[in-house]
Amino acid sequence: MCGIIGYIGQKPLVSVLIDGLRRLEYRGYDSAGVAVVRDGEIELRRSAGKLARLEEVIATSPLEGEYGIGHTRWATHGRPTEENAHPHRDCTGRIVVVHNGIIENYLPLKHQLQKEGHRFVTETDTEIVAHLVEREMKDDGLENAVRRALLYMRGLFGLVLISADDPGKIVAVRNGPPIVVGLGEDEFFVASDIPAILSHTRDVVFLGDEEMAIVTRSGVEFTDYAGGSVSKKSTRVSWDPVMAEKAGYKHFMLKEIFEQPIAVKETVLGRASIESGKVFLQEIAIPDAVLRDVERVVILACGTSWHAGLVGKYLIETLARLPVDVDYGSEYRYRDPIVSKNTLAIVLTQSGETADTLAALREAKKKGARSIAICNVVGSMATRETDGTVYTHAGPEIGVASTKAFTSQLVALHLLAMYLGQIKGTLTPDAARPHIEGLTQLPLLLEQTLKCEGLTEEIARRFHQRSDFLYLGRGINYPIALEGALKLKEISYIHAEGYPAGEMKHGPIALIDEQMPVVTIAPHDHVFEKMIGNVQEAKARGGSIIALTTEGNDGIRDLLNPSTDFLITVPNSHPLLTPVLMVVPLQLLSYHIAVRRGCDVDQPRNLAKSVTVE
């Protein structure tokens, strides 16, 4: 769920580990720790709370080592205390482990190990791993002890272990949560995500499920659980390390909001031609004849990506004339979904490692669907398991609340919808050209939209102490109402609800009073007059209006009271691109409200960037 780092090489060990953990802080955590090996002994330093607290502990009680591992923990089993912080030890103190995920059968294993005399000192499921490996440790190496221990464990987990009795070795295992191995010059890294090691190397190998890496100073060996050799290719990561830094912004989230024009530009670049009126998606390794036979699309996603999927439904149904269902990854496989060989499953995942989305993908594939991933991370599990991929070239997204990954997904979905329409014969080159021109102009329109930041700050000053918000949208902008409400909930902890505006009278209108700000998304489109009616209904009940509309649309201005209401305008665009522009002021509004409330914007409580367990 959170952060893992391991290092063996010539650089100052503790500095590498702490720096790696700092670059993984965005994943969310509540405690941290490191373990190092020096002169045949293992030393640990751990603390509850933020990484700064661990640094204080190390400053008070310094340590050095030849190689080691570190971890930031997000509590699943046991309270967020120093005692429960990783790394965890066996009875001898000579084996330590860090772990992302959940050992589902840890309680019966713990009871069995206790009967055998093992002493447990934490409330975690992770500690049983160290004791299992201790029990299985013989003279044939740490990796073989780990393999034997794995036979007893059920669940999803990423594990990294070291042992003072098998020196100079780090063993990493993946079964669900991601593990990446970094290849440097005379140095090697293990991590749960690329940013942890990006300042040291861009050459990485992604472990697959039920694979193991044995890392020593002389190199890395990759095997399956049984010990059979596995051939792995390294991937060259194109992200610049500077992209993962704040670059003068107060928070990563604000930086990433302002990176959206370049992220969108990079996602469109080289994929569409106005001259030919065509879209080119070479990464989709599915023959045109197969896509031409697709009769139905199912989009699988979680959280913000699910909202992108709802927009994708409008895009695909409009441009490719295919029926689309949008399912939560966490629900899909529990209802025996109906899938045929002519079903196309599209999975949306920023990280490519979201456990529920991957499980839904596997269910769809098992039932015969072809599959495409829209993903931001090259080589991630989703990209390896689908038939084809449309990469969003957003670069690393550090803030837990997704911003540029979301808008890049919307653009990738637009490209994919056009591509499917092109193949199905529902979108001619002449019909495609206005969409391609709109996508080409979108980065400039986003730059113009970002100029509303000052106004969103003013709105935040007015409303940051309110306890409830209502967001309303219609048509393709209804999912943006959901996304705006989610952003506010995630980072400011204000209760917010997103609704299709037509449903307001079917319940939410009862909530509207003088204390309820109502955010209305009302571009000048075919449902604008309907939205005007909703604004009037909200005003009649005392609600303060925060209205988003398109430039030159004065039809809503006369309804607003300058002393209680606000109007934000965004540039005009193709109607199917308005969601990309409309979401930006909502991101900025959520950000500035959270800052005024003193919230931890980049690492909101209880949340993790990549949810790699159910």
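Me: Where is Asn 84 found?

Reply: Asn 84 is found in the loop between β4 (67-73) and β5 (88-89). Helices (H or I, at least four residues) and strands (E, at least two) are DSSP runs, numbered from the N terminus. The structure is a predicted model, in which local features need pLDDT of at least 70 and side-chain atom pairs count only at pLDDT 80 or more, while totals for chains, interfaces and linings use all residues. Residues are numbered from 1 along each chain as its sequence is written, and side-chain values use heavy atoms, with hydrogens and water left out.

Me: Why is Asn 84 called buried?

Reply: The relative accessible area of Asn 84 is 0%. Buried means under 20%, exposed over 50%, and partly exposed in between (1.4 Å probe, protein chains only); Asn 84 is therefore buried.

Me: Which residues does a cis peptide bond join, and what is omega?

Reply: The bond joins His 86 and Pro 87, and omega is about 0 degrees. Pro 87 is placed in the loop between β4 and β5, the loop in which Asn 84 is found.

Me: What makes Asp 39 count as exposed?

Reply: The relative accessibility of Asp 39 is 63%, which is over the limit of 50% and therefore counts as exposed. Asp 39 lies in the loop between β2 (31-38) and β3 (41-48). Its phi is positive, about 55 degrees, although Asp 39 is not a glycine.

Me: Why does Arg 321 count as exposed?

Reply: At 60%, the relative accessibility of Arg 321 is over 50%, so the residue counts as exposed. Its place is in the loop between α9 (304-319) and β18 (324-328). Phi of Arg 321 is near 55 degrees, a positive value in a residue other than glycine.

Me: How do you know that Pro 500 is neither buried nor exposed?

Reply: Pro 500 has a relative accessibility of 25%. That value falls between 20% and 50%, so Pro 500 counts as partly exposed. Pro 500 is found in strand β23 (residues 495-500). Leaving aside neighbours within four places in sequence, Pro 500 is in contact (heavy atoms within 4.5 Å) with Gly 473 and Tyr 478.

Me: Why does Ser 380 count as buried?

Reply: Its relative accessibility is 0%, so Ser 380 counts as buried. Ser 380 lies in the loop between β20 (370-375) and α12 (381-385). Residues up to four places away in sequence not being counted, Ser 380 touches Ser 351, Gly 352, Glu 353 and Cys 375.

Me: What makes helix α1 largely enclosed by the rest of the structure?

Reply: Eight of the 10 residues of α1 (residues 13-22) are buried, so the helix is largely enclosed. Among the buried residues of α1 are Leu 13, Val 16, Asp 19 and Gly 20. The elements against which the buried residues pack are β1 (3-8), β2, α2 (51-60), β4 and β10 (188-191).

Me: Why are α4 and α5 described as roughly perpendicular to each other?

Reply: The axes of α4 (residues 127-136) and α5 (residues 142-150) come within 8 Å and cross at roughly 115 degrees. Axes are lines fitted to C-alpha atoms, for helices over the stretch in contact, and angles run from 0 to 180 degrees between N-to-C directions. Angles under 35 degrees count as roughly parallel, over 145 as roughly antiparallel, 65 to 115 as roughly perpendicular and the rest as oblique; α4 and α5 are therefore roughly perpendicular. Leu 132, Val 133 and Glu 136 in α4 meet Leu 142, Ala 145, Val 146, Arg 148 and Ala 149 in α5. The residues of this contact divide into six nonpolar (Ala, Val, Leu, Ile, Met, Phe, Trp, Tyr, Cys and Pro), no polar (those in neither other class, Gly among them) and two charged (Asp, Glu, Lys and Arg).

Me: What makes α7 and α14 roughly antiparallel to each other?

Reply: The axes of α7 (residues 260-268) and α14 (residues 429-449) come within 8 Å and cross at roughly 175 degrees. That angle is over 145 degrees, and the two helices are therefore roughly antiparallel. The contact includes Val 264 and Lys 265 of α7 and Leu 442 and Glu 447 of α14. By class, it has seven nonpolar, one polar and two charged residues.
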